[in-house]
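Here are my notes for you to read alongside the model. Keep the sequence and the 3D view open as you go through the points.

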Amino acid sequence: MEAVVFLFSLLDCCALIFLWVYFIITLSDLECDYINASSCCSKLIKWVIPELADHTLVTVLMLISLHWFIFLLNLPVAAWNIYRMILALIND
């Protein structure tokens, strides 16, 4: 069970790093005026909820499998993602 949790966490972290690189490339295109702001937002907004779900899932898996140190390392980022989503919902 422990190996499966860490393998899933590794694959999920790879997917999140790929997603963050995509965010940086898209924001760089916005900065260089290759795309407009509404196009940039429409490209990025569809990936915010999957990012939130993936990171929260890894955090909960670490809590369930009793890996406290890794859980505590992931908790601030998961809390920040949830806070960011709540602010987005309030501002709409």
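1. Start at Asp33, which sits in the loop between H1 and H2. (Helices here are DSSP runs of H or I with at least four residues, strands are runs of E with at least two, and both are numbered from the N terminus.) Phi of Asp33 is near 65°, a positive value in a residue other than glycine. That's worth a second look, because most residues other than glycine have a negative phi. Asp33 is also exposed, with a relative accessible area of 66%. (Buried means under 20% relative accessible area, exposed means over 50%, and partly exposed is in between, using a 1.4 Å probe and protein chains only.)

2. A word on what you're looking at: this is a predicted model, where local features need pLDDT of at least 70 and side-chain atom pairs count only at pLDDT 80 or more, while totals for chains, interfaces and linings use all residues. Residues are numbered from 1 along each chain as its sequence is written, and side-chain values use heavy atoms, with hydrogens and water left out.

3. Now go to the loop between H3 and H4, where you'll find Leu66. Phi of Leu66 is near 65° too, again positive in a residue that isn't glycine. Leu66 counts as exposed, at 55% relative accessibility.

4. How do H1 and H2 pack? Their axes are 10 Å apart and the angle is about 175°. (Axes are lines fitted to C-alpha atoms, for helices over the stretch in contact, and angles run from 0 to 180 degrees between N-to-C directions.) That makes H1 roughly antiparallel to H2, the label for angles over 145 degrees. On the H1 side the contact is made by Tyr22, Phe23, Thr26, Leu27 and Leu30, and on the H2 side by Ala37, Cys40, Lys43 and Leu44. (Contact means heavy atoms within 4.5 Å.)

5. Which residues form the largest nonpolar core? There are five: Leu19, Phe23, Ile35, Cys40 and Leu44. Helix H1 (2–31) and helix H2 (37–45) are the elements that give two or more residues to this core. (A nonpolar core is a set of buried Ala, Val, Leu, Ile, Met, Phe, Trp, Tyr and Cys residues joined through side-chain atoms within 4.5 Å.) Click on Leu44: leaving aside neighbours within four places in sequence, Leu44 is in contact with Tyr22, Phe23, Thr26 and Leu27.

6. Glu51 is found in H3 and is buried, with a relative accessible area of 4%. Not counting residues up to four places away in sequence, Glu51 touches Leu16, Leu19, Trp20, Phe23, Asn81 and Arg84. With neighbours within four places left aside, the contacts of His55 are Asp12, Leu16, Asn74, Val77, Ala78 and Asn81.

7. Finally, H4 (residues 68–91). This helix has 24 residues and reaches 34 Å from its first C-alpha to its last, close to the 34 Å expected. (The expected span is 1.5 Å times one less than the number of residues.) Where is the kink of about 35° in H4? Look at Leu75, shortly before the proline Pro76. (The bend at a residue is the angle between axes fitted to the seven residues ending there and the seven starting there.) The buried residues of H4 are Phe71, Asn74, Ala78, Asn81 and Met85, and what covers them includes helix H3 (48–64).

How values were computed: Expected span 1.5 Å × (residues − 1). Parallel < 35°, antiparallel > 145°, perpendicular 65-115°, else oblique.
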